[in-house]
Amino acid sequence: MSRKKTPRSKGGGRASPSSALPPGQGNGGARGAGRRLSPELPPNGAALPGRPSLSNSGEFYDVAFKVMLVGDSGVGKTCLLVRFKDGAFLAGSFISTVGIDFRNKVLTVDGVKVKLQIWDTAGQERFRSVTHAYYRDAHALLLLYDVTNRASFDNIQAWLTEIHEYAQQDVVLMLLGNKVDSTQERVVKREDGEKLAKEYGVPFMETSAKSGLNVELAFTAIAKELKHRSMKLPNEPKFKLHDYVKKEVRGSGCCRS
Ligand SMILES: Nc1nc2c(ncn2[C@@H]2O[C@H](COP(=O)(O)OP(=O)(O)OP(=O)(O)O)[C@@H](O)[C@H]2O)c(=O)[nH]1
């Protein structure tokens with residue numbers, strides 16, 4: 001993914017929220033004005049039962065969901081996505097996202113191929129009107145703050161207000177405190193994040209796009225929840241996202257990076 005994320009430079013046009021791509025052509029950013037997303041992502045996220053689709057990376061998937069990364073500028077949304085998608089960390093000078101961009105990744109969840117179409121939004125205020133339009137189609141939102149930036153944590157309430165205003169009522173939401181590798185610069189305690197998450201009833205974990213801590217877990221947990229919601233078998237026990245996160249989450253500890 002290019003660090004300079006302008007709608008034009010990413011491939012010739014910002015994707016419209018109501019625009020669309022044919023099944024299996026969604027990878028690689030908000031390209032191709034006029035192509036629509038909706039056929040690929042039905043409202044409940046499920047693909048047609050028994051008819052796996054083929055993503056443009058050549059991978060088959062059974063269900064597809066749209067996930068959005070939101071939070072203040074600089075909290076690490078792009079880096080989190082790049083870490084998850086490519087296993088790499090974007091170090092160096094910070095170039096802010098312009099508008100919105102996306103990447104696809106197919107995960108196997110309990111034997112089911114789940115495609116996540118992950119939208120990376122610009123955190124800067126001036127792009128809010130662009131990103132608001134995308135909330136309504138999102139099945140899940142990962143809301144990030146930066147543990148080294150108090151303001152990004154204080155702004156979480158405002159983000160939640162925005163989410164309640166623009167996203168679907170049943171959207172899957174998770175709060176992430178990113179950059180926990182920066183132990184010296186940390187100003188937001190883990191307990192503060194936990195308390196806020198509890199107050200709003202959302203699952204919480206701390207992450208590091210730099211070290212990779214809990215990055216895979218955050219996306220896997222979301223994928224599991226969405227898959228269980230859309231494909232629950234009659235006798236299957238209900239998947240409990242909060243419990244799963246609590247059980248699986250790894251602390252940053254002193255030396256894990
Ligand atoms: N130490 C550390 N730095 C990080 C981490 N994640 C991101 N960064 C750095 O933080 C800066 C901002 O990261 P981005 O991923 O571009 O932030 P963003 O949230 O996408 O910002 P916008 O595009 O403006 O919304 C970059 O310099 C990254 O290298 C992390 O986990 N640890």
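Which residues in helix 1 are buried? The legends below take up that question along with the rest of the fold. This is a predicted model, in which local features need pLDDT of at least 70, side-chain atom pairs count only at pLDDT 80 or more, and totals for chains, interfaces and linings use all residues. Residues are numbered from 1 along each chain as its sequence is written.

**View 1**
Let us start with the overall picture: the chain holds 7 helices and 8 strands. These are DSSP runs, numbered from the N terminus, with helices being H or I of at least four residues and strands being E of at least two. Of the 257 residues, 45% count as buried. Here a residue is buried if 20 or more other C-beta atoms lie within 10 Å of its own, exposed if 12 or fewer, and partly exposed in between, with C-beta atoms placed from the backbone. Among the contacts in the chain with a separation of 6 or more, 66% involve residues 24 or more positions apart. Two residues are in contact if their C-beta atoms, placed from the backbone, lie within 7 Å.

Follow the order 4-5-3-6-7-8 and you have walked across an open sheet of 6 strands with mixed pairing. Strand 4 and strand 8 stand at the edges with a single partner strand each, so one side of each is left without a neighbour in the sheet. On average, neighbouring strands of this sheet are turned by 25 degrees against each other, direction ignored. Two strands pair if DSSP finds at least two bridges between them. Axes are lines fitted to C-alpha atoms, for helices over the stretch in contact, and angles run from 0 to 180 degrees between N-to-C directions.

**View 1. Strand 3 and its two partners.**
Strand 3 pairs with strand 5 in the parallel sense over 7 bridges, and Leu69 stands opposite Asp120 in strand 5. The pairing of strand 3 with strand 6 is also in the parallel sense, over 5 bridges. Here Val67 stands opposite Ala140, and Val70 stands opposite Leu143.

Strand 6 has 7 of its 7 residues buried, so it is largely enclosed by the rest of the structure. Ala140, Leu142, Leu144 and Asp146 point one way, while Leu141, Leu143 and Tyr145 point the other way. With strand 7 the pairing is in the parallel sense over 7 bridges, and Leu143 stands opposite Leu175. Helix 4 (residues 156–166) lies across strand 3, strand 6 and strand 7, running at about 165 degrees to strand 6. Further along the sheet, helix 5 (residues 190–200) lies across strand 7 and strand 8, at about 160 degrees to strand 8.

**View 2. Helix 1 and what covers it.**
Back to the opening question: the buried residues of helix 1 are Lys77, Thr78, Cys79, Leu80, Leu81, Val82, Arg83 and Phe84. That makes 8 of its 10 residues. Their cover includes strand 3, strand 4, strand 5, strand 6, strand 7 and helix 6 (215–230). Helix 1 is followed by Gly87, whose phi is positive, near 70 degrees.

**View 3. The crossing of helix 1 and helix 6.**
These two helices pack at an angle of about 85 degrees, with their axes 9 Å apart. Helix 1 and helix 6 are therefore roughly perpendicular to each other. (Angles under 35 degrees count as roughly parallel, over 145 as roughly antiparallel, 65 to 115 as roughly perpendicular and the rest as oblique.) Leu80, Arg83 and Phe84 of helix 1 meet Val215, Glu216 and Phe219 of helix 6 in this contact.

**View 4. The ligand and its shell.**
Around the ligand are 22 residues, of which Ser73, Gly76, Ser96, Thr97 and Gly123 come nearest. A residue is near a molecule if its C-beta atom, placed from the backbone, lies within 6 Å of it. Helix 1 (residues 77–86) supplies the largest share of this shell, 3 residues.
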